[in-house]
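These are my notebook entries on a structure I had not examined before. I set down what I looked up, in the order in which I looked.

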Amino acid sequence: MTNPSEEKNAPEIVKMLHSGQVLVVNSRRRNGLILYKGFHAEFAGPGAAVGSIHDLDCQLALPVGNLSLLAPDSHEERQKAYLIRRQWIRLMKQITEKPTPQQRVQKILEQFEQYFDAETVAQLPDEAFALLVGVLPQTVSAVRRSYSSFNGQKSKF
């Protein structure tokens with residue numbers, strides 16, 4: 001099942017996540033989902049399992065890149081997808097362990113820019129990054145602005 005990165009598909013994605021079915025973010029594409037939960041967000045990147053009982057608390061799903069969700073073909077694929085989801089969670093944990101909010105924002109932006117193109121990262125809202133690394137949206141905005149000012153022209157973030 002393929003869904004373009006459009007906000008109008010967000011309610012449809014949340015419905016799929018709440019259906020109880022396990023889906024996997026297509027590992028052959030540069031895509032993912034930012035899953036808004038109560039007071040934080042999680043990123044499920046390529047290869048990660050989404051849905052089932054693990055995402056019943058998901059309130060909004062923001063597609064990143066050209067999202068493609070697939071049903072796992074076997075128990076082994078499902079297990080591998082859960083392991084990959086844990087790896088994405090560990091990466092976010094490492095980023096949130098940075099000592100200052102500015103460092104956390106800089107690191108999450110760098111990670112996303114390494115994987116996605118600059119245009120895709122620029123289109124993602126400050127609130128999404130803020131919820132991923134536990135900072136205020138204003139901090140994300142300030143880091144994006146300061147980087148833009150520091151480099152002169154276009155913002156890397």
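**Entry 1: the sheet**

I began with an open sheet of three strands, whose order is β4-β1-β6 and whose pairing is antiparallel. Its edge strands are β4 (49-51) and β6 (69-70), each of which pairs on one side only. Two strands pair if DSSP finds at least two bridges between them; strands (E, at least two residues) and helices (H or I, at least four) are DSSP runs, numbered from the N terminus.

I must note that the model is predicted: local features need pLDDT of at least 70, side-chain atom pairs count only at pLDDT 80 or more, and totals for chains, interfaces and linings use all residues. Residues are numbered from 1 along each chain as its sequence is written, and side-chain values use heavy atoms, with hydrogens and water left out.

I then looked up the join between β1 (residues 22-25) and β4: three bridges link these antiparallel strands. Valine 24 stands opposite alanine 49 in β4.

**Entry 2: helix α1**

Which residues of helix α1 are buried? In α1 (residues 10-18) I found Ala10, Ile13, Val14, Met16 and Leu17; buried means under 20% relative accessible area, exposed over 50%, and partly exposed in between (1.4 Å probe, protein chains only). Seen down the axis of α1, these buried residues fall within an arc of 160 degrees, so they line one face of the helix. The arc is that of the directions from the helix axis to the C-beta atoms. The face turned away from the buried side of α1 carries the exposed residues Pro11 and Lys15. Just after α1, glycine 20 takes a positive phi of about 95 degrees.

**Entry 3: aromatic rings**

I searched the whole structure and recorded seven aromatic pairs. Rings of Phe, Tyr and Trp (its six-membered ring) pair if their centres lie within 6.5 Å; planes under 30 degrees apart count as stacked, over 60 as edge-to-face and the rest as tilted.

Tryptophan 88 and tyrosine 115 have ring centres 6.5 Å apart and planes at 75 degrees, so this pair is edge-to-face. The pair links distant parts of the chain, with tryptophan 88 in helix α2 (residues 75-96) and tyrosine 115 in helix α3 (residues 101-115), 27 residues apart. Tryptophan 88 counts as buried at 17% relative accessibility, whereas tyrosine 115 is partly exposed at 27%.

Phenylalanine 112 and phenylalanine 116 are both buried.
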